[in-house]
Amino acid sequence: MKHNLYVPLLLFLFAAVDRSWAGDVLVYRDRGVCAENCAEAIGVLAEQKLGSVKYVKASQITAQNLKNAKLWIQPGGDAIEMSETVTPAQKELLRDFVRNGGTYLGICAGAFFADHYADDFNKVQGLGFIPGVSKDFLPGQPDDTVLKIFWGLNPRFMYFQAGATFEFDASRPVQTLARYLDGRPAIAQFRYGKGIVLLSGPHPEAPSEWLAATGLNDPDGEDFDIAFDLLDRVGIAAGLLN
């Protein structure tokens, strides 16, 4: 989401990182990530599909730590808080990472963070990956809900919390993987330099506990099959899968 709607994240403690620290799959887990374990929700699935993951704080976004990384995952939460936590220099490191062949998966706030600006007023700089702009799909509705979308041609229900849709530059190649019922993009993939960016407005990684906590019902249950499909795509793009 773009707006400050989640409760503040309970910060995690990390051991000191030495100069040899490296990991193929890095999952951001710092200020701006939702307190409902958004980082772990996608991180656990990524570990099942792609192997071990490393959870990183903003202070660990360094050229050394990105040198051997293949995939960066930006979970849901508050895109403005994320953008205010990650410094301009660190944002440029992430741009270089993808521009030079890295892969970025952004979910909900992670999709807004991938835009040129993370807020509605173009004041808070994002990563600038999107060939176009992100928009609040349901502006003014902060509450969690379950939306019907089309995953390809198949109707599916998916957990949603103030997530994004996208308006892409028609001259730029973009693969739309899922659409909302009004036809606007819900999940999309495109190139940035030599790298791949995959963004999702809804939460395919949402566990049943999120639904239970909010009293919502998803008629077709957890959407881990879609989350695994997205992880397959970024895994292949990152050279982690054949």
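Colleague: Okay, which residue just after α1 takes a positive phi?

Modeller: That's Gly51, with a phi of about 105°. Before we go on, this is a predicted model, where local features need pLDDT of at least 70, side-chain atom pairs count only at pLDDT 80 or more, and totals for chains, interfaces and linings use all residues. Residues are numbered from 1 along each chain as its sequence is written, and side-chain values use heavy atoms, with hydrogens and water left out.

Colleague: How many residues has α1?

Modeller: Helix α1 has 13, residues 38-50. From first C-alpha to last, α1 reaches 18 Å, close to the 18 Å expected at 1.5 Å a residue. The expected span is 1.5 Å times one less than the number of residues. Helices (H or I, at least four residues) and strands (E, at least two) are DSSP runs, numbered from the N terminus.

Colleague: Which residues in α1 are buried?

Modeller: Among them are Cys38, Ile42, Leu45 and Leu50. Buried means under 20% relative accessible area, exposed over 50%, and partly exposed in between (1.4 Å probe, protein chains only).

Colleague: And what covers the buried residues of α1?

Modeller: The cover includes strands β1 (25-28) and β4 (103-107) and helix α7 (224-237). Contact here means heavy atoms within 4.5 Å.

Colleague: Switching topic: how many disulfides are there in the whole structure?

Modeller: A search finds one. Cys34 and Cys38 form it, with their sulfur atoms 2.0 Å apart; the cut-off for a disulfide is a pair of cysteine sulfurs within 2.5 Å. The torsion about the S-S bond is about 100°, so this disulfide is right-handed.

Colleague: Where is Ser200, and is it buried or exposed?

Modeller: Ser200 sits in strand β11, residues 195-200, and is buried at 0% relative accessible area. A polar atom of the Ser200 side chain lies 2.8 Å from the backbone oxygen of Pro202.

Colleague: What about Thr165, which strand is that in?

Modeller: Thr165 is in β8, residues 164-168, and counts as buried at 1%. A polar atom of the Thr165 side chain is 2.7 Å from the backbone oxygen of Pro185. Leaving aside neighbours within four places in sequence, Thr165 is in contact with residues including Val133, Phe137 and Tyr180.

Technical notes. A polar contact is a pair of N or O atoms within 3.5 Å; within protein, one must be able to donate a hydrogen and the other to accept it, and residues adjacent in sequence count only if both atoms are side-chain atoms.
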